[in-house]
Amino acid sequence: MALDKILSIGGKPGLYKLLTQTRSGFVGESLLDGKRVTVGIRSNVSVLSEIAIYTLEEEVPLREVFQKIKEKEDGKKTGISHKAEKIELEEYFFEILPNYDEDRVYASDIKKIIQWYNILLDNNISDFVTEEDAEEEPTSVASSEEEE
């Protein structure tokens with residue numbers, strides 16, 4: 001399942017899988033307990049594929065941050081809890097994204113990212129590379145073979 005079908009709903013814990021859209025909003029299913037919720041259009045909803053993290057140079061898509069965590073943790077859950085102390089969370093995130101903007105990325109954001117990553121892994125969602133990224137890789141491999 002792609003990150004464009006995973007939602008964060010303001011005021012509700014965890015993440016939700018988009019099931020269907022309705023005239024007045026949509027229906028989502030919690031990745032924590034499987035309960036369905038109906039959410040109105042006016043609710044504060046974020047699609048994970050649209051979230052980016054501030055760095056000193058640019059904004060990095062959340063899927064790339066998840067991929068960096070996955071590489072650091074060898075595809076396993078994070079070695080740190082989202083409930084860890086602020087300084088521990090910041091140190092961990094600095095290992096993942098050394099150039100993140102400390103003035104605009106708060107400890108609460110880091111907590112969410114770590115919690116979301118672990119929720120996604122619990123639900124067997126660990127393919128953070130988009131189809132576009134996957135299509136680009138074979139092209140670059142082919143071109144490097146041609147150069148040799």
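# Exercises on a predicted model

S8 sits in strand β1 (residues 6-9). Helices (H or I, at least four residues) and strands (E, at least two) are DSSP runs, numbered from the N terminus. This is a predicted model: local features need pLDDT of at least 70, side-chain atom pairs count only at pLDDT 80 or more, and totals for chains, interfaces and linings use all residues. Residues are numbered from 1 along each chain as its sequence is written, and side-chain values use heavy atoms, with hydrogens and water left out.

## Exercise 1: the surroundings of S8

Task: Decide whether S8 is buried or exposed, then list the residues that S8 touches.

Solution. 
Step 1. Take the cut-offs: buried is under 20% relative accessible area, exposed is over 50%, and partly exposed lies in between (1.4 Å probe, protein chains only).
Step 2. S8 has 15% relative accessibility, so it counts as buried.
Step 3. Look for contacts (heavy atoms within 4.5 Å). Leaving out residues up to four places away in sequence, S8 touches L15, N44, V45, S46, L48 and W116.

## Exercise 2: salt bridges

Task: State how many salt bridges the whole structure has. Then trace the partners of E29.

Solution. 
Step 1. Start with the idea. Side chains of opposite charge can pair when their charged atoms come close.
Step 2. Apply the rule: a side-chain nitrogen of Lys or Arg within 4 Å of a carboxyl oxygen of Asp or Glu. The search of the whole structure finds 6 salt bridges.
Step 3. E29 and K17 form a salt bridge, 3.4 Å from N to O. E29 lies in strand β3 (residues 25-30) and K17 in strand β2 (residues 16-22), so this pair ties together parts that are 12 residues apart in sequence.
Step 4. E29 also forms a salt bridge with R36, and here the closest N and O atoms are 3.8 Å apart.
Step 5. Check accessibility. E29 is buried at 17%. K17 is partly exposed at 22%. R36 is exposed at 61%.
Step 6. R104 and D101 form a salt bridge, with the closest N and O atoms 3.1 Å apart. R104 is partly exposed at 43%, whereas D101 is buried at 12%.
Step 7. Look for shared partners. Salt bridges that share partners join K17, E29 and R36 into one network.

## Exercise 3: α2 against α3

Task: Describe how helix α2 (residues 86-96) packs on helix α3 (residues 107-122).

Solution. 
Step 1. Two packed helices are described by the angle between their axes and the distance between the axes.
Step 2. Axes are lines fitted to C-alpha atoms, for helices over the stretch in contact, and angles run from 0 to 180 degrees between N-to-C directions. For α2 and α3 the angle is about 65° and the axes are 10 Å apart.
Step 3. Name the arrangement. Angles under 35 degrees count as roughly parallel, over 145 as roughly antiparallel, 65 to 115 as roughly perpendicular and the rest as oblique. Therefore α2 and α3 are roughly perpendicular to each other.
Step 4. List the contact. From α2 come K86, L89, E90, Y92 and F93, and from α3 come A107, I110, K111, I113 and I114.
Step 5. Sort by type. Ala, Val, Leu, Ile, Met, Phe, Trp, Tyr, Cys and Pro count as nonpolar, Asp, Glu, Lys and Arg as charged, and the others, Gly among them, as polar. The contact of α2 with α3 has 7 nonpolar, no polar and 3 charged residues.

## Exercise 4: positive phi

Task: Where are D74 and N124 found, and what is phi at D74 and at N124?

Solution. 
Step 1. Recall the background. Most residues other than glycine have a negative phi.
Step 2. D74 is not a glycine, yet its phi is positive, about 55°. D74 is in the loop between α1 (62-72) and α2. At 65% relative accessibility, D74 is exposed.
Step 3. N124 is also a residue other than glycine, with a positive phi near 55°. N124 is in the loop between α3 and α4 (131-147). At 71% relative accessibility, N124 is exposed.
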